[in-house]
Amino acid sequence: MMARRERLLGPNNPTFYDDPVHFVRGEGVWLFDADGRRYLDAYNNVPHVGHCHPHVVEAISRQAGLLNTHSRYLHDNVLDYAERLTATFHRSLSTVLLTCTGSEANDVALRMARAITGKHGVIVTDFTYHGNTSAVMELATLIPREDGFSTHLRTIPAPDSYHLEPGEKDETDMAARVLAHLDAAISSLEEAGHGVSAIMLCPIFANEGFPDLPPGFLDRVAKRVRKAGGVVIADEVQPGFGRTGAAMWGHQYSGFTPDIVTMGKPMGNGHPIGGVVTTHDIMHAFRTKNVYFNTFGSNPVSCAAGLAVLDVIENENLIANAAEVGAYAKERLEKMAEKFGFLGDVRGAGLFFGAEIVHPGEQITADKKLAKKAVNLMRENGVIMGLLGRKENLFKIRPPMPFSKTNADHLFEVMDHVLSRL
Ligand code: PMP
């Protein structure tokens, strides 16, 4: 199968794990491979309300059996969805543009920022990813590139509450350093004549390694960017739809209100839908200066999927579940870190958490090799999870939202067994 894949799909199409998995079915938090073996899914956030949730499957198939067209005809679904979605935001964020992917949403957000500010400069962290269109790929600082970055891009250090710089004693010191870099990036863009159109950031810095942030940090970031005439784009592709357990959106959890919010992955529970939510003024500036049409964006079937996901989040109290099970799981992981010396910092929020794998004794030296061994062994033992962070040594545990305490117990029983073997 791997050879056929390479022949048909070309090289460099990575799979997870030394021994790739071939799934054929999913149900709730469970995945089943071609041999009928069951795996606990502690990784996938796209099947947000659970793999193949019957309410979402039914909504998609009902609408697909009735009508699927595009946004040039009138349809209630897009309006109903826009209403339901914007009701979860601060009242200033009242308009919606739908896309098919998170990348497209971020691409449009950059164009909106340019339309409203008339400027071009963009600021991101130095270890990030916001998607794969040509424009957002230019912001993908976590992917090494030989040709350097675009002249209108400036980076600030990705916040990291664990690997502090010499002289820093906690995340407050770390945050002050990042803010100083932000001031420098703003000045540099102004001096170069680009000006600041936007900062794009994930409100929990998920791809950067979900660091602990001091309260009010992102509000201070937003104030500086706005003072320079720019807007703040919150990329909610990872923390959105209640993942942190504290609120529907990562920026609400982190305590600031962005000007533009982008979303994707969990939005349709696997059906490809993404979107941008913004203010009336920004949407008007964008729509009057640009023509934007997306053939599949905002079609009635995608909107039916989006509406059904919102129903399940509400009906099954999934945000409260993320808070409760997330807190329980983090506590168990902390206990495990007391037992195993090579488990370092444990952090995260709601159902997005993990631990650094480090060399015992020197708590802040990453052990990527051991981390890789651990996730491969977890897979061998029927639990799906991943790694992330600059040093690829951070356990990434981000299961579908109906993950229960019993599921968490199962995860930690397997993890205890695996880590004991290591
Ligand atoms: N933003 C972030 C933070 C992401 O992690 C990703 C995908 N991993 C994207 C945007 C792009 O989303 P998509 O793959 O749906 O285009």
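How many helices and strands does the secondary structure of the chain come to?

## The chain at a glance

The count is 13 helices and 15 strands. Bear in mind that what you're looking at is a predicted model.

As for overall size, the C-alpha trace spans about 60 × 60 × 45 Å along its principal axes. A compact globule of 422 residues would have a radius of gyration near 22 Å, and the chain comes in at 21 Å, so the two agree.

Let's look at how the chain packs. Of its 422 residues, 54% count as buried. Take the contacts with a separation of 6 or more: 72% of them come from residues 24 or more positions apart.

## Zooming in on Leu-213

Now for a single residue. Leu-213 sits in the loop between β7 (196-201) and α7 (217-227). Its relative accessible area is 24%, so Leu-213 is partly exposed, a label that covers the range between under 20% (buried) and over 50% (exposed).

And its neighbours? Leaving out residues up to four places away in sequence, Leu-213 touches Pro-159, Glu-171, Pro-203, Phe-205 and Leu-218.

Note on methods:
Residues are numbered from 1 along each chain as its sequence is written. This is a predicted model: local features need pLDDT of at least 70, side-chain atom pairs count only at pLDDT 80 or more; totals for chains, interfaces and linings use all residues. Side-chain values use heavy atoms; hydrogens and water are left out. Helices (H or I, at least four residues) and strands (E, at least two) are DSSP runs, numbered from the N terminus. Buried means under 20% relative accessible area, exposed over 50%, partly exposed in between (1.4 Å probe, protein chains only). Contact means heavy atoms within 4.5 Å. The radius of gyration is taken over C-alpha atoms; the globule rule is 2.2 Å times the number of residues to the power 0.38.
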